[in-house]
Amino acid sequence: MSTTPLLKVEDLSVSFRTDNGLVRAVDRVSFEVFPGEVLGVVGESGCGKSVTAMSLLRLIPQPPGRIDEGRAWFAGRDLLAMPVEELRAIRGRDISMIFQEPMTALSPLHRIGRQLVETQQFHRQVDRATAWRIGEEWLRKVGIPDASERMYAYPYELSGGMRQRVMIAMALMLEPKLIIADEPTTALDVTIQAQILALLREMKNRDTAVMLITHNLGVVWEMCTRMMVMYASEIVESGPVDQVFARPGHPYTEALLRANPALAEPGGTLDTIPGQVPSPLGYPVGCRFRERCAYAREECATRHPELEGFGHQSVRCVLARQRLAAPSGEIMR
Amino acid sequence: MSGAPLLDIHDVHVWFPIRRGVFSRVRGHVRAVQGVSLQVGAGEVVGLVGESGCGKSTLARAVMMLQPPAQGVIRLEGRDVYAQSATGIRELRRQVQIVFQDPYASLNPRLPVYQIITEGLIAYGMLRENEQEERARALLHDVGLGADALYRYPHEFSGGQRQRISIARALSMRPKLIVCDEAVSALDVSIQAQVINLLMELKAKYGLSYLFISHDLSVVKFMADRVAVMYLGRIVEEGRCRDVMANPRHPYTQALLAAAPVAGGPRGVAPPLSGELPSVTHPPSGCPFHTRCPKAMPVCRERYPDTIDQHGHQTACHLFASADRATTGVAIP
């Protein structure tokens, strides 16, 4: 793994204007992605993980959305400041995105083959016949049966899982340097998911970086080298997957792990997180997880903790130092 | 299990006609469910797993008395549900309720919550309209929602809360069996944990049984007493959940388990199963799994294997049948 980050995001903040007021969807988020690494981004619906990803390619609707501040350095240039024409050349070729809902990402009016060819011709000097052949080859790689026939199919003629794989083929086809995958396998059967994960792993081995947004902790464990956890628009923890699973520094990370049925003893009761995520219209002054936190103390109500680094792990919690010093296994189970 | 099981599915086949041509003549059948036998005892949770299109939901519809089988019998407490008079089936329908996957699509957006959860009772004449509110309050309490929910509409609730409302609606009829069709699959991990705990609590409190359909093996492993694995309309393996999960026999079950990444488990050990579920309209000959099976033998192409029972752990695979074909149906030491 290289030591120079491929993508370096600094202090990204994004807000949306709504009828009820201004919503800060992403709040001073900073992270790096290195070549050949899979970075897992974990958090519950509405925590800001998808908005973070979409903002990097400036895909959020503006207005009502607005990138308030931040820089996203990619190959020495700021994605958030460059002219849209330049960004358009980067989208798809250098950075591609896999969305959760494939029907919105594919054109319903054009055959699969044409869409695969067009994408290539937009970014590369390639003749139609070659582009067609490459497209067909990629359909085969993502496990679509009868690929040569499917090239003539319209998206509506394919099952959800197949459409998802067409989009994945489209995203991988140009062999981008960075793949942003937003819940790429959530709608798929485990067997198909395993095929897609195997493909992503293969891309990673060719030094492609992957930013994998998911709420499936099993997928994070299986695929990722590092992970970051988002809660209420902020990063609350980041670090190597093994370390974070063994010794979660933030109580929210710990609670997420404990709520996972795969890690629980059958027949028992699952640990849950009481209460609800605070409304983004008015986050509390102190720690945003305080009201649901089993370890909350007085100072948490007034002090908003910073994301603090401890070796490879970073944690946004006043108790972080103490928690990370505890012997591993003390916190979990 | 002692006496007659609560639900007894015996050799059930469900066929859908394929109609073609100007006169919509029946040109063949899709055999969605083929010879499935499965029992659910009182107070038992039986998991049903398999890929999309394997027939899980069709079987659920047959159990819900919405899809008469082409062949076979479904009994509830010993009574053949498809051989009932109009009043008989009405009473049996009350005893089997369902919770669907998508809580956004399965609640009427135009009704306030108290009506949604008491509608069935009114229709069955089990409740007078002036008692509606009081009963609704008690039902909401059962599923952990406050009385402030009574007059609100579904859109005002989060996914987890809506699923609680769906559960309250199912519960209102005092059923003996609840079919949970991917009931927790669409929820975030922490919310999922709450709903799973709620289902287990209600089961203990009211002596409910669940037929728990899910593609998430970790949830099934956590909740189910027994599990049945379906492939292309048939049950290929069935047994006590811990036996099947710890020691899967059928190559398909093994592949499913290996395909699902488990947080904290071993990483990237198994090569993913290739391809996807074959077409149900043109199923492969013999054992339909032979097209994807890593252990397929010549005999697998020719005929469907018998189901072998070893201490209540049943497997339909030639790997076991060929070992001792003479003792079909008899426990092998």
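In chain A, strand β9 (residues 226-231) is joined to β10(A) by six bridges, and the two run antiparallel. Strands here are DSSP runs of E with at least two residues, helices are runs of H or I with at least four residues, and both are numbered from the N terminus; two strands pair if DSSP finds at least two bridges between them. This is a predicted model, in which local features need pLDDT of at least 70, side-chain atom pairs count only at pLDDT 80 or more, and totals for chains, interfaces and linings use all residues. Residues are numbered from 1 along each chain as its sequence is written, chains are lettered from A and ligands numbered from 1 in the order in which they are written, and side-chain values use heavy atoms, with hydrogens and water left out.

**Strand β10 and its partners**

- β9(A) and β10(A) form a hairpin with two residues between them, and A232(A) in the turn has a positive phi of about 45 degrees.
- V229(A) has E237(A) of β10(A) as its bridge partner, and E237(A) also stands opposite V315(A) in β12(A).
- Strand β12 (residues 313-315) of chain A pairs with β10(A) in the antiparallel sense over two bridges.
- Seven of the seven residues of strand β10 (residues 234-240) of chain A are buried, where buried means under 20% relative accessible area (1.4 Å probe, protein chains only).

**The four-stranded sheet**

- An open sheet in chain A has four strands in the order β2-β1-β4-β5, with antiparallel pairing.
- β2 (21-33) and β5 (77-78) of chain A are at the edges with a single partner strand each, so one side of each has no neighbour in the sheet.
- Two bridges link strand β4 (residues 65-74) of chain A with β5(A) in the antiparallel sense, and F74(A) has R77(A) in β5(A) as its bridge partner.

**The chain as a whole**

- Chain A contains 12 helices and 12 strands.
- Its C-alpha atoms fill a box of roughly 65 × 50 × 40 Å, taken along the principal axes.
- Of the 333 residues in chain A, 56% are buried.
- Among contacts in chain A with a separation of 6 or more, 65% are between residues 24 or more positions apart; a contact means heavy atoms within 4.5 Å.

Technical notes
Buried means under 20% relative accessible area, exposed over 50%, partly exposed in between (1.4 Å probe, protein chains only).
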